[in-house]
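User: I would like to learn how to read the features of a model like this one. Please take me through them one at a time.

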Amino acid sequence: MSMESAIRQFIVENFLAGKDDPNFKNSDSFMETRVIDSTGIMELLEFVESEWGIGVQDSELTPDNFDSIAKVAGFVQGKLG
């Protein structure tokens, strides 16, 4: 399973009541689409840290890194080198 697929699956299971929305693209903003709120971002952060064994600094918890599936995957890939 690709990183984007794993992140999407987590979001579908935890924030979309298990129903994937084909209109929700991996590049869509979580905040603009209201898929995830600020509390949900913290849950996503915990998932990312646990799933890929990385640490995320407070300064890295920004919309540039955590506001879409694609941005989260890119951020994690960057952390993993």
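Analyst: Start with exposure: a residue counts as buried under 20% relative accessible area, as exposed over 50%, and as partly exposed in between. This is a predicted model. Arginine 34 has a relative accessible area of 74%, so it is exposed.

User: Where does arginine 34 lie?

Analyst: Arginine 34 is in the loop between H2 and H3. Its backbone deserves a look too: arginine 34 has a positive phi of about 60° although it is not a glycine.

User: Which loop holds alanine 17, and is alanine 17 buried or exposed?

Analyst: The loop is the one between H1 and H2. Alanine 17 has a relative accessibility of 67% and therefore counts as exposed. It is not a glycine, yet its phi is positive, at about 55°.

User: Now the salt bridges. How many are found in the whole structure?

Analyst: The general idea is a distance test: a side-chain nitrogen of Lys or Arg must lie within 4 Å of a carboxyl oxygen of Asp or Glu. A search of the whole structure gives 2 salt bridges. One of them joins aspartate 20 to arginine 8, with 2.9 Å between the closest N and O atoms.

User: Why does the pair of aspartate 20 and arginine 8 tie together parts that are apart in sequence?

Analyst: Look at where each partner sits. Arginine 8 belongs to helix H1 and aspartate 20 to the loop between H1 and helix H2 (30–33), so the pair ties together parts 12 residues apart in sequence.

User: Which side chains meet in a salt bridge at 3.1 Å, N to O?

Analyst: Those of lysine 79 and glutamate 60. This pair links distant parts of the chain, 19 residues apart: lysine 79 is in helix H5, and glutamate 60 is in the loop between H3 and helix H4 (63–66). With a relative accessible area of 34%, lysine 79 is partly exposed. Glutamate 60 has a relative accessibility of 18% and so counts as buried.

User: Next, helix packing. At what angle do H1 and H3 pack, and how far apart are their axes?

Analyst: Helix H1 (residues 3–15) and helix H3 (residues 38–52) pack at about 140°, and their axes are 11 Å apart. To put a word to such an angle, note that over 145 degrees counts as roughly antiparallel, and 65 to 115 degrees as roughly perpendicular. H1 and H3 are therefore oblique to each other. The crossing in which H1 passes H3 is right-handed.

User: Which residues make the contact of H1 with H3?

Analyst: H1 contributes Met3, Ala6, Ile7, Phe10 and Phe15, and H3 contributes Gly40, Glu43, Leu44, Phe47 and Trp52. By class, the residues of this contact are 8 nonpolar, 1 polar and 1 charged.

User: How do H1 and H5 pack?

Analyst: Their axes are 9 Å apart and the angle is about 130°. That angle makes H1 oblique to H5. H1 passes H5 in a right-handed crossing. On the H1 side the contact is made by Met3, Glu4, Ile7, Arg8 and Ile11, and on the H5 side by Ile69, Ala70, Val72, Ala73, Val76, Gln77 and Leu80. The contact of H1 with H5 has 9 nonpolar, 1 polar and 2 charged residues.

User: At roughly what angle do the axes of H3 and H5 cross?

Analyst: They cross at roughly 35° and come within 12 Å. H3 passes H5 in a right-handed crossing. Leu44, Val48 and Trp52 of H3 make the contact with Val72, Val76 and Leu80 of H5. Sorted by class, this contact has 6 nonpolar residues, no polar and no charged ones.

Terms used
Residues are numbered from 1 along each chain as its sequence is written. This is a predicted model: local features need pLDDT of at least 70, side-chain atom pairs count only at pLDDT 80 or more; totals for chains, interfaces and linings use all residues. Side-chain values use heavy atoms; hydrogens and water are left out. Axes are lines fitted to C-alpha atoms, for helices over the stretch in contact, and angles run from 0 to 180 degrees between N-to-C directions. Helices (H or I, at least four residues) and strands (E, at least two) are DSSP runs, numbered from the N terminus. Angles under 35 degrees count as roughly parallel, over 145 as roughly antiparallel, 65 to 115 as roughly perpendicular and the rest as oblique. A crossing is left-handed if the near helix is turned anticlockwise from the far one by less than a right angle, and right-handed if clockwise. Contact means heavy atoms within 4.5 Å. Ala, Val, Leu, Ile, Met, Phe, Trp, Tyr, Cys and Pro count as nonpolar, Asp, Glu, Lys and Arg as charged, and the others, Gly among them, as polar. Buried means under 20% relative accessible area, exposed over 50%, partly exposed in between (1.4 Å probe, protein chains only).
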